[in-house]
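Have a look at the fold below, and keep the sequence at hand. We'll walk through how some of the pieces pack, then step back to the whole chain.

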Amino acid sequence: MAAHAAAAALGLAAGVFGGMFGVGGGLVMVPGMVLLMSVPQHRAHATSVAAIVAAATAAVVPLAVDGRVHWDAAGLLLAGGMTGAFAGARLISRVSPVWLARLFVVVVVAAAARMAFSATDAAAAADTSLDPWAIAGLTAAGLLAGGSAAALGIGGGIIYVPALVALFGFGQHDAQATSLAVIVPTTLIAAVVHTRAGRVDVPKALALGAGGV
């Protein structure tokens, strides 16, 4: 019971973080499970992905109602994201726990740095039209984010949001809303693959997801 309460509290923190910044919450859940609950690295990543489905769904609903989601861009990101999520969930078993943890840190730091240095310039951009280059770029970004999300236990928002803001001229709030809209189906695909492979701690995922919601 104490473990489930701790997981729910961790999910609560991840849900607040994810809802505010347009990410799935894995940035909080994966380290929390590994460092505070002694969950093995691969299991933590898979369980985080499963919990993100519920948390991201709850976060995106009010943003969608508010008209913040750019559905055309979301569809293109999803086209690449679904393929990436399936591949990432299948390939995770080939990566050692040590390298999985290192990749997690590298992706987080790289995305944060990119966002910090581009936020000022990107905020001035307002053109979100989808020309052929933007279509190809969004699909490629979805592929990369979907694979990273499934393998690293994150939602993919740390790739989606900086890409939408810095490369495609989205405002910060719209980018975060669009990111969350894509995170829901991509993490669902990854969660199904992880669950079938026996990597998801279902009770912890339910507790994390409940806190996240």
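In helix H9 (residues 202–212), the buried residues are Lys 204, Ala 205, Ala 207, Leu 208, Gly 209, Gly 211 and Gly 212, where buried means under 20% relative accessible area, exposed over 50% and partly exposed in between, with a 1.4 Å probe and protein chains only. They pack against H1, H2 and helix H3 (41–65). Helices here are DSSP runs of H or I with at least four residues, strands are E runs of at least two, and both are numbered from the N terminus. All of this is read from a predicted model, in which local features need pLDDT of at least 70 and side-chain atom pairs count only at pLDDT 80 or more, while totals for chains, interfaces and linings use all residues. Residues are numbered from 1 along each chain as its sequence is written, and side-chain values use heavy atoms, with hydrogens and water left out.

Now take H9 together with H1. Two packed helices are described by the angle between their axes and the distance between the axes. For H1 and H9, the axes come within 6 Å and cross at roughly 45 degrees; axes are lines fitted to C-alpha atoms, for helices over the stretch in contact, and angles run from 0 to 180 degrees between N-to-C directions. H1 and H9 are therefore oblique to each other, given that angles under 35 degrees count as roughly parallel, over 145 as roughly antiparallel, 65 to 115 as roughly perpendicular and the rest as oblique. On the H1 side you'll find His 4, Ala 7, Ala 8, Leu 10, Gly 11, Leu 12 and Gly 15, and they meet Pro 203, Lys 204, Ala 207, Leu 208, Gly 211 and Gly 212 of H9; contact means heavy atoms within 4.5 Å. That contact has 7 nonpolar, 5 polar and 1 charged residues, with Ala, Val, Leu, Ile, Met, Phe, Trp, Tyr, Cys and Pro taken as nonpolar, Asp, Glu, Lys and Arg as charged, and the others, Gly among them, as polar.

H1 (residues 2–21) also packs with H2 (residues 26–36): here the axes come within 8 Å and cross at roughly 155 degrees. Leu 10, Ala 13, Ala 14 and Phe 17 of H1 touch Leu 27, Val 28, Met 29, Gly 32 and Met 33 of H2. By class, that's 8 nonpolar, 1 polar and no charged.

What about the loops? Ser 38 sits between H2 and H3, and its phi is positive, about 55 degrees, although it is not a glycine. Ser 38 is exposed, at a relative accessible area of 63%. Asp 201, in the loop between helix H8 (172–196) and H9, counts as buried because its relative accessibility is 15%. Leaving aside residues up to four places away in sequence, Asp 201 touches Arg 43 and Thr 47.

Over in helix H4 (residues 71–91) is Gly 75, partly exposed at 37% relative accessibility. Gly 75 and Ala 181 are 106 residues apart in sequence, yet 9.3 Å apart in space, C-alpha to C-alpha.

Stepping back, the protein has 9 helices and 0 strands. Buried residues make up 49% of its 213 residues. Of the contacts with a separation of 6 or more, 78% join residues 24 or more positions apart.
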